[in-house]
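Hello,

Here is the structure we talked about handing over. My notes on what was found follow below.

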Amino acid sequence: MARSLGRICKGFQCLGSLSSIQTQLRQPSTSVSVRGTTFVRTMVQALPSLFSSKPRDFSLPNSSWGSEMMRLYEHYNSQCEVETEGGEKQEGPWRRLPSYNRLLKYATGGVYLSKIIQSKARLFTRNIRDPGAAFEYVLFVNSEEQKCACVFQAGHLLEGPPGHVHGGAIATMIDTVTGTHATILSGPVMTANLNINYRSPIPLGSTVLLESFLDKKEGRKTFISCKVTSSNGSKLHTETTALFLSINFSHLLLGE
């Protein structure tokens, strides 16, 4: 018990030191030794979340991204903003969608989630903070052509057959991409049907491209098709048709 209390006290002391460091950083006139400056710089780099409440955008490149992941990211990202003949910048045909680790604020039955539950809730594909361990992906949408593209790199935690990605993880990514696309096209939706044909396995650590297309819309129904290919498009991994139903918030709140 005494040991535990000691650790807690040390923890508060550390927080106090960090608070002091933060105060010093906000005061340009403060004189700090070279050794102290190095310490402060190290702490700021290692613990950015303590100094900023800005959420992390998981769709931005990190150190785990391989060359193919970066190549495809740059290919689509370069088309998000184009230069006119006059040298001015304007929006391109594609738009990158930011991706955070929390989305829902409401529980089934209309009960507003408590702050404790909200603080712990995490989007399934973004609940692992270790870069490269599971789902590394970025989505781009082309509103004019009504299609969506997702660059996906599968980490070692997604293994199913030895050395290859689990079929459920592939289905998760397909549902994520087609569901996001349907939401952009039709507003809030829920998956009604997902029909996947697995053509060839995806090696762990490899980068693949998921492309979804609008087939048609009928009332509350949005029909989407999707294919997963190798990064260069030479191999087909899966083919999918999906159906999404438009909903309103009462469906979520009442659990309908």
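Please keep in mind that this is a predicted model.

I began with Asn142. The side chain of Asn142 comes within 3.0 Å of the backbone nitrogen of Glu145. A polar atom of that Asn142 side chain also lies 3.3 Å from the backbone nitrogen of Glu144. Asn142 belongs to strand β4, which covers residues 135-142. With a relative accessible area of 2%, Asn142 is buried, because buried means under 20%. Beyond its neighbours within four places in sequence, Asn142 is in contact with Pro93, Trp94 and Lys147.

Side chains of opposite charge can pair when their charged atoms come close.

Asp57 and Arg96 meet through their side chains, with 3.0 Å from N to O. This pair links distant parts of the chain, 39 residues apart: Asp57 is in the loop between α2 (34-46) and α3 (67-77), and Arg96 is in strand β3 (residues 95-97). Asp57 is buried at 14% relative accessible area, while Arg96 is partly exposed at 23%.

Arg199 forms a salt bridge with Glu239, their closest N and O atoms being 2.8 Å apart. Here too the pair links distant parts of the chain, 40 residues apart, with Arg199 in the loop between β6 (189-198) and β7 (207-218) and Glu239 in strand β9 (residues 236-246). Glu239 is partly exposed, at 33% relative accessibility.

Lys216 and Glu218 form a salt bridge through their side chains at 3.2 Å, N to O. Lys216 is partly exposed at 40%, and Glu218 is partly exposed at 42%.

Regards

Definitions and conventions: Residues are numbered from 1 along each chain as its sequence is written. This is a predicted model: local features need pLDDT of at least 70, side-chain atom pairs count only at pLDDT 80 or more; totals for chains, interfaces and linings use all residues. Side-chain values use heavy atoms; hydrogens and water are left out. Helices (H or I, at least four residues) and strands (E, at least two) are DSSP runs, numbered from the N terminus. Buried means under 20% relative accessible area, exposed over 50%, partly exposed in between (1.4 Å probe, protein chains only). A polar contact is a pair of N or O atoms within 3.5 Å; within protein, one must be able to donate a hydrogen and the other to accept it, and residues adjacent in sequence count only if both atoms are side-chain atoms. Contact means heavy atoms within 4.5 Å. A salt bridge is a side-chain nitrogen of Lys or Arg within 4 Å of a carboxyl oxygen of Asp or Glu.
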